[in-house]
Amino acid sequence: MSTSKNNSFGRPGVRYAMTMDTRRCVGCNACVFACKAENALPAKGFRDWITYTVKGNFPALSELIRSERCNHCSNSPCTTNCPTGASHVGPGGIVLVDRGMCTGCKACIASCPYDARYVHTDGFVDKCTFCVHRVKRGLDPACVSACPTKALAFGDLNDPDSHVSELLRYRKHTVLKPEKGLDPNLFFLL
Amino acid sequence: MEEFTIIRNSLHVDPHLDIWGWEIFVYLFLGGLAAGIMIISAINGLGYKQAKEDGSPSSWSRWAPFLAPVVISLGMLALFLDLEHKLYVWRFYTAFRITSPMSWGAWILLGLYPVTILLGLAFLEDNEIESLKSFAPIRWLKLGALLEWLCRLGSAWRKVLLWANLALGLGLGVYTGILLGSLGVARPAWNSAILGPLFLVSGFSTGAALLMLFPLNHNEHERLRRWDAWAIVLELALLGLFFIGLASGDGYDRMALEMFFGGKLTALFWSLVVAVGLLVPLTIELTEGHKGIRPTALAPVLLLIGGVSLRWIIVSAGLY
Ligand code: SF4
Ligand code: SF4
């Protein structure tokens with residue numbers, strides 16, 4: 001977890017990542033509401049969302065709840081397919097959209113296997129920014145701060161002492177659609 | 001058993017991706033059509049001397065290069081209508097992104113205008129240039145001298161222009177397929193490099209079809225019909241390869257394949273694209289050729305319908 005004192009934003013070699021603890025998540029949607037409020041999202045605009053996967057045969061059912069968002073893939077087809085450079089990789093590997101450069105051609109939406117992007121009612125394409133405006137100030141993304149069960153953590157993957165590095169070292173984890181080979185930076189702790 | 005529930009209803013994304021409507025498949029169709037016209041004009045031009053010996057080329061075939069910029073403009077209009085952030089359309093031209101086929105396309109489209117228009121001007125005859133010069137807007141704007149200069153420039157650079165039209169036509173045709181192919185990581189139905197040659201050949205075929213609707217002379221029509229029959233056969237073969245590619249892919253690819261074999265696009269694809277758009281016109285063209293029957297507009301019109309349908313169905317297949 002970053003604090004204002006050891007703000008890593010803009011430092012070379014930083015690789016931001018998020019962990020999502022599926023054992024802690026209760027699917028309360030606090031992360032979704034925090035994001036909507038923090039980023040003033042339009043109606044029908046989503047930067048993060050909850051999924052439920054129920055497995056088994058009644059009554060022996062098990063439920064897995066995830067809070068999902070853009071994976072800020074290290075190998076991001078949404079940025080390579082953007083014709084204008086609006087979709088780009090920012091500091092710390094955060095994948096961002098520059099609104100003033102976006103034509104709304106939607107090539108990036110079509111390129112994302114995670115359906116993490118949508119068209120903002122103002123015409124440009126929008127998605128999770130890891131709350132870069134907060135990260136710049138050394139704060140956690142809004143969803144991470146809001147989570148009442150502390151299921152979310154954010155930090156620098158390349159710093160062995162960061163909270164995310166520690167969690168990934170000790171906990172079993174997975175990413176979504178690893179077979180797509182995009183190197184996601186949103187990890188689900190199992 | 002597994003049940004997946006997503007608490008989200010994102011605009012144009014849920015329940016399934018709904019980002020590209022008619023604008024995109026019409027654009028891909030028109031792009032292919034323009035590519036076909038350019039390639040055919042170039043081949044015709046390169047065989048111009050031969051054609052002159054066979055009887056002079058019809059004025060329609062000489063004017064054909066001008067069809068390309070008209071068709072491209074309509075295509076660009078469709079593309080523009082699809083943009084969600086229209087005021088920022090100029091952003092296409094403040095960057096060149098080597099990894100983005102869409103960026104390549106935006107620049108190629110601009111380059112096509114001078115190349116196609118000059119090629120058209122290069123084959124005008126003196127009396128045609130004169131009548132163009134007396135055309136009211138050109139007279140009022142005093143563009144006569146410029147026009148004449150461009151015609152002379154075109155004639156002088158004829159060979160270069162012909163090869164440029166051929167190369168850019170091939171590039172444009174392949175690009176319309178690669179554009180979808182490059183999004184294949186997320187859209188299994190487009191996950192195939194075959195879409196490049198497939199859309200190119202289909203573009204050639206629709207280009208030939210459009211030209212066949214004009215009153216060309218007998219030899220010219222004959223030649224287009226023959227070329228087109230071959231293009232249809234090649235297109236069928238490429239469709240076969242496209243399916244083989246999907247069949248030998250991973251689970252996502254095979255799910256995409258299923259849409260064409262039993263899934264929701266099956267009836268539309270086999271009836272509109274394969275039967276109406278390829279097999280029926282091929283049969284008509286072969287019969288016309290064999291029996292020497294006077295050609296009708298039927299085969300070309302069906303080919304054009306088939307061309308639009310192919311793009312429509314492939315684009316839809318990727319979005320489901
Ligand atoms: S999750 Fe989608 S939008 Fe985010 S970086 Fe990966 S491909 Fe791009
Ligand atoms: S919609 Fe905007 S960000 Fe996405 S590819 Fe097009 S120009 Fe780039």
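## The interface and its setting

Guide: Chain A averages a pLDDT of 94, and 97% of its residues score at least 70; pLDDT is the predictor's confidence in each residue, from 0 to 100. Over residues 1-5 of chain A the pLDDT is below 50, and this stretch has 10 contacts in the model beyond near neighbours in sequence (a contact means heavy atoms within 4.5 Å). This is a predicted model, in which local features need pLDDT of at least 70 and side-chain atom pairs count only at pLDDT 80 or more, while totals for chains, interfaces and linings use all residues. Residues are numbered from 1 along each chain as its sequence is written, chains are lettered from A and ligands numbered from 1 in the order in which they are written, and side-chain values use heavy atoms, leaving out hydrogens and water.

For chain B the average pLDDT is 91, with 98% of the residues at 70 or above. Helices (H or I, at least four residues) and strands (E, at least two) are DSSP runs numbered from the N terminus. The model as a whole has an ipTM of 0.89 and a pTM of 0.93.

Now the interface itself. On the chain B side 39 residues are in contact with 48 residues of chain A. The two chains bury about 3,800 Å² between them, and 57% of that area is on carbon and sulfur atoms; buried area is the accessible area (1.4 Å probe) that two parts lose on being put together, summed over both. Of the area that chain B buries against chain A, 16% comes from B:R8, B:H85 and B:V185, more than from any other three residues.

Charge pairing is part of this contact: three salt bridges cross between chain B and chain A, a salt bridge being a side-chain nitrogen of Lys or Arg within 4 Å of a carboxyl oxygen of Asp or Glu. In a salt bridge between B:D82 and A:K106, the N to O distance is 3.0 Å.

On the side of chain B that touches chain A, strand 1 (2-7) and helix 5 (101-122) of chain B each supply at least two residues. Strand 1 of chain B gives the largest share, six residues. Sorted by class, this side of chain B has 21 nonpolar, nine polar and nine charged residues. Ala, Val, Leu, Ile, Met, Phe, Trp, Tyr, Cys and Pro count as nonpolar, Asp, Glu, Lys and Arg as charged, and the others, Gly among them, as polar.

A few features elsewhere complete the picture. Over all chains, the structure has 16 salt bridges. A:D48 and A:R69 form a salt bridge whose closest N and O atoms are 3.7 Å apart. A:D48 lies in strand 2 (residues 48-57) and A:R69 in strand 3 (residues 60-69) of chain A, so the pair ties together parts that are 21 residues apart in sequence. In the loop between strand 2 and strand 3 of chain A lies A:P59, and the peptide bond from A:F58 to A:P59 is cis, with omega near 5 degrees. In chain B, a cis peptide bond joins B:D14 and B:P15, with omega about -5 degrees; B:P15 is in the loop between strand 1 and helix 1 (22-46) of chain B.
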